[in-house]
Amino acid sequence: MHLNPEDHRLISGSFTVIKEPPGRDAPAQQDPKVVETVTGMLRDIEQNGMDAVLRYARDLDGFTGDDLEIDLAKAEADFAELPESLRQALDTGAERTRIFAEMQRKHLVDFSAEVIPGVECGQKYVPVGNVGCYLPAGRFPLLASAFMTVGVARAAGVPNIVSCTPPSRGGQAHPAVLYAAKASGAERMYAVGGVQALAAMAFGLLDGVPSDMIVGAGNAYVAEAKRQLYGKVGIDVLAGPSEVAVLADETATAQMVAADLLGQAEHGPSSPASLVTTSERLAKETLDEMDRQLEGLATRDIAGNAWREYGSIYLAEDRETACQIMDILAPEHLEVLADDLDWWLGRLTNYGSLFLGEWSTVAYADKGMSGTNHVLPTARGARYTAGLSVLGFLKQLTFQRATREATRSQADPVVTISDFEQMPGHRDSAQLRLDLIERDN
C-alpha cells in the first residue's frame, strides 16, 4: 500500500517520501501454485463429493471423525471452560454488530412510485436464500468474524445459514470460535476448513442445500477458492492481507500512530501499514517509535516484517494533498488523528472503514465493539466497492407495472429505437400492444 510512480501525476500538491517498501509491490494476490492447487481440489470435490471433502479434512485439517457437523449443544461443556470475561466480551461484540446491522436494515426502504403517469416502478429488498460463512481459526482465531458474517446475515433475514471452521485443536473446532458463532445466531456448524469447506458449502454437500453466497476471511487458498467459485456463488470481497493507514496532523502523537499501525501489521508479515501526515516532526518521530514499540511486541516477527517490507510514510504539504494521497491508496482501514474531523469526513472518499479521532481505533471494529463490519476491500478495492454489510445479504430487486393508458408513452419510443437497432423482436413486442389499443378503439 504505497504510491506507484504513475500515481504521482494524480497528486496536485507536493509531498515527500519518508519511507516506502524496499523495491517491492504489494504481495501477489494470485500465486500460480495456489491457483493450480485450488483448481484441482475444486474439480475433485465437485466430481467426488463428500468423499473428497472428508479426505481433505483428514489430510489437511487433522479431522478424525466421520461426521463433520458440530453438535453445538455438546459444545456447551467446552464453553464453560472459556474465561467468563471472554464470553461476556464475545456476547457484547455479537450484540453491537447485530444492532448496527439492524440499524442499516431499517434505512433500506422498499418503495414504489410513478415515473410517468400510469407507469409505476419500485424496488424491494429480499434476503439471499442460502449463505455459507467461513470462520477462520488459523494462526489467530479471529473470533469477531462470526459477528460480521453469521450475525449480519441473520439481521438481513437470511433463512438458511451454514458455518464452517477448521478443526484447530486436536481435530476439534476451537471452542471460542464456536461460542462466538452461537452468540451470533449460528445453528448448523461444520468442522472443516480451507478450500474443502468453501467447496462443500458451494456444492451443497453439508446440509444438502448449495449456498447462494459464501463469505468470510481466510488464507490465500480460501481467497483463491472464493475467486474461482465466484459466479457459481456470490462472495463478499476478494480480500488480500489486512491494511491500515493513518492520516495525522501535528496534534497526533507518535506513540498512538505507531501503536495503531502495529495493531494491524500483526495480522500478517505482508500486511501494509501507511502514515500520511502534514507534520514533519510526527513523520520522523513515528519512524523511531515504530522501532521502539516493536522491541516489546510479542508479535514483532510478524509485525516487524510487515512494517519493514510493506510500510510507508508520506509527508504532505497540506491536508488536501494528504487526502489526495490517501484516496489513491484507498486503504482497508483508515484512521484520522487530526483536528477538524468533520472536514476529513466530508473530504475523504476511498476507504473500507473510517475511524475518526484519537478515541476511535481499528482494533475496536476488528473485535466487534463499535458494531461496524470488518470484512472490507483491500488492494485499492475501496476505490469502487464497499465492505460487507447487511446490504450484502440483500438483493435490491426492481419491479414495474403499467396501465393501458401509459402504453403509447413507452411503446412508440421503443418501436423507434428498435427499428434503428434492427431488432424486430423488440419492435414487435411493443407494436403488439399498440395494435391492441388501436383495435379496441
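Biologist: In this predicted model, which residues does H333 touch, once residues up to four places away in sequence are not counted?

Modeller: H333 touches S242, E243, V244, A245, Q264, S353, F355, V362, D366 and L376, and H333 itself is found in strand 15.

Biologist: How should I read accessibility here, and is H333 buried or exposed?

Modeller: A residue is called buried when its relative accessible area is under 20%. H333 counts as buried because its relative accessibility is 2%.

Biologist: What does the UniProt record list for "active site"?

Modeller: The UniProt record, an unreviewed entry, lists E332 and H333 under that heading, and such annotations may be inferred rather than shown by experiment.

Biologist: Where does E332 lie, and is E332 buried or exposed?

Modeller: E332 lies in the loop between helix 11 (319-329) and strand 15 (333-337), and with a relative accessible area of 6% E332 is buried. Leaving aside its neighbours within four places in sequence, E332 is in contact with residues including P241, S242, E243, Y351, H374 and T378.

Biologist: Which backbone atoms of E243 lie by the side chains of E332 and H333?

Modeller: For a polar contact one looks for a pair of N or O atoms within 3.5 Å. The backbone nitrogen of E243 lies 2.8 Å from a polar atom of the E332 side chain, while the backbone oxygen of E243 lies 2.7 Å from a polar atom of the H333 side chain.

Biologist: How is the protein divided into domains?

Modeller: The division gives domain 1 (5-28 + 240-371), domain 2 (32-239) and domain 3 (405-440), with the C-alpha centres of domain 1 and domain 3 lying 58 Å apart.

Note on methods. Residues numbered from 1 in each chain as written. Predicted model: local features only at pLDDT ≥ 70, side-chain atom pairs only at ≥ 80, totals over all residues. Heavy atoms only, no water. Domains from an automatic or database assignment. Helix = DSSP H or I, 4+ residues; strand = E, 2+ residues; numbered from the N terminus. Buried < 20%, exposed > 50% of the residue type's maximum accessible area, 1.4 Å probe, protein only. Contact = heavy atoms within 4.5 Å. Polar contact = N/O pair within 3.5 Å; in protein donor to acceptor, adjacent residues only side chain to side chain.
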